[in-house]
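Trainee: Could we go through this model together, one question at a time?

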Amino acid sequence: MTETSQKTRTHGGFSRRALLAGAGTLAATAAIGVAGFPHIARAQAKTLKVGVYGGYFKESFEKHIFPEFSKATGITVEPVAEPTGEAWLVQLEQAARARQAPADVSMMSQVAMLKGMAAELWAPFDLSKIPNASKVLPHLINKYPDGKVSGIGAVSWYITLVTNTKAYPEPPTSWAALWDPANKEKLGLLALVSNSFLLEVTAATFFGGTKHLDTEQGQLDAFKKLSELKNNVKLWYRDEAQFEAALKSGEIPMGQYYHDVTGLAAADGNPVRSTFPKEGGILDSGSWAVTRASKAGDLAHVFVDYMCQPQIQALLSRKVGTAPTIDRKLTDLTDKEFAAVSSDIPPIIPRYDLYQTKSDWLNQKWTEMIVG
Amino acid sequence: MIRRAPRTFAEHSPILFPALMLVVFFVIPFSLMIAVSVFRRVPGGFYEPDFVFSNYERFLTTFFGGVMSFSLGLAGLVAAVAVGIAFPFTYRLVRLPRPNQIRWLVFLLSILSLSEVIIGFAWSTLLSRTAGITNLFVALGLMAEPQSLSPSFGALLAGLVYQAFPYTVLVLYPALARFDPYLVEAARTLGASPLRAFFTVVVPALRNTIVATTIMVFVFALGSYLLPQLLGRPQHWTLSVLITDQAIYQSNMPFAAAMAVFLVLVSLALVGLALLAGRREEVA
């Protein structure tokens, strides 16, 4: 707390204040602080740096969520655009070693959560200060081995089978479409084993479920089956914008992509659609986590509690297109609104455990498969 | 200006600043990288200080050998093509009237201001089926239907050469501008054709410049990691792409550092060999 306020002061708040006080208008300072520059007045007191995925996510949060939160709590949010994947985890960890916190609380993917836990990067949450956390679905609460809470479900999202409606008048029904020889050179797939979750998709589609990945033989089966679709892939993408543009134009008319963003693109009139295959969409989620280097732990608790409220989860579903992390019955989402962000088909849940215990081996096999 | 060798501390002092910069921005970071490369990877986590060679061992496989040779081959090809185009171009450029030269140089400098991302996206659009150059060929009746030319090796090569070209011209420019045009005129007077004069007089006289420029473009292309992802297929991913994957996405700093150290050593060795070969020829 003290360090946060000192930092903001050196950024201009202090000198401004000193100048005005020197003019002998202390009363006016208070008046201006409240009426004219509410941000400055609050910045001196409470500022929380929140990391969310850059681009569309950050824009939506800045527009629909953060202003309401500031109004309700008096805490100013300083949004930080974080890169997807594990890049942000690496930056947070390197910064924490230097006792720096580029963001106090960040939205982290599940694989990044686990890796951060292995390095004890996350400061534990005190659930007694977060009453609304009890509403969050139990599997979306991350815990250290000793039971301390390291992360709390922020949002869930689906990765589904997406198609260009001009190239495919009929939507595909199964993930097996990725293997169809008719789709040669037509697919865009995520380039990393730990964010594409294609091993799970393969296991669910051809081997009866992700349990098949329990053994090394099962994992090798999935790799072998996956290598059969290589000829269909035109682009293995790390950069989402690259695939999204190609999908909209029809250059790459099929692939895996985020359900929420695809829905928004379709709503904007682009010829794209997102389909939940009969084997289920991939259900991934982000958790709120606080780096151990943060000095704003108290504010982070207030923030996370606010985000877990049913009306905020519903607001996220409506405005950002994410699936709620709490039981939908607690929200006032209509069936139609819920269907827009989720599906009744049981989802494919990624095997996060594998990406921690066997991450290097899986990564090596994966790279050899797509590069070789 | 002092013509004799510097003796006192004060006379040596001008090199202190560059030396300091070299230490701060090259020696220290590179030493840190070497240190990290022998640290122990914690699977599913980060790394811990240690002294192990397992990161180097993991690199010594046919798979990484293949990626390494592809990266070196690609960088070599880019260097050869870029210098091959830029040398005759610059040779013509320095003979243009001054205002025209300035216009060309400003144009080339403006290309330098483009980021790698913009270059990559521009080329992938230019080579796409839906909006690309093949649509123009179809309109002209040269092709039956539009085709997608990217991602492919050709697209990657084009993108990298495009990116390297302005640097190449700017490095060649001073040497070619200083080159004495009377040498060519003498050759022509003695009966050599323009082409023959170019290859037997200009190129040999500027051989050192050409070698130095080629090495610079080679090293420049070796570090490219964005264009191979945007314009190439997975088999065209360079070692730099895999280093990025390890460092950024797998949080495996020790392995990324080991690969980077290896890449630096191999390219230094190649540059050394090229310089050595150049010197031998000079002696002969």
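Mentor: Gladly! This is a predicted model, in which local features need pLDDT of at least 70 and side-chain atom pairs count only at pLDDT 80 or more, while totals for chains, interfaces and linings use all residues. Residues are numbered from 1 along each chain as its sequence is written, and chains are lettered from A and ligands numbered from 1 in the order in which they are written.

Trainee: Which peptide bond is cis, with omega near 0°?

Mentor: Most peptide bonds are trans. Look in the loop between α7 (133-139) and α8 (153-178) of chain B, where B:Pro151 is found; helices here are DSSP runs (H or I, at least four residues), numbered from the N terminus. The cis bond runs from B:Ser150 to B:Pro151.

Trainee: Is A:Phe197 buried or exposed?

Mentor: A:Phe197 sits in the loop between α7 (193-196) and α8 (198-206) of chain A, and its phi is positive, near 55°. A residue is buried if 20 or more other C-beta atoms, placed from the backbone, lie within 10 Å of its own, exposed if 12 or fewer, and partly exposed in between. With 25 other C-beta atoms within 10 Å, A:Phe197 is buried.

Trainee: What is the phi of B:Ser251 near?

Mentor: B:Ser251 belongs to the loop between α13 (239-249) and α14 (253-283) of chain B, and B:Ser251 is buried, with 28 other C-beta atoms within 10 Å. Most residues other than glycine have a negative phi. For B:Ser251 the value is positive, near 45°.

Trainee: How are α4(B) and α8(B) placed to each other?

Mentor: Their axes, lines fitted to C-alpha atoms over the stretch in contact, come within 8 Å and cross at roughly 45°, on a scale from 0 to 180 degrees between N-to-C directions. Angles under 35 degrees count as roughly parallel, over 145 as roughly antiparallel, 65 to 115 as roughly perpendicular and the rest as oblique. The two helices, α4(B) and α8(B), are therefore oblique.

Trainee: Which helix gives the most to the side of chain B that touches chain A?

Mentor: Two residues are in contact if their C-beta atoms lie within 7 Å, and 24 residues of chain B are in contact with 27 residues of chain A. On the chain B side, α4 (62-93), α12 and α13 each supply at least two residues. The most, three residues, comes from α13(B).
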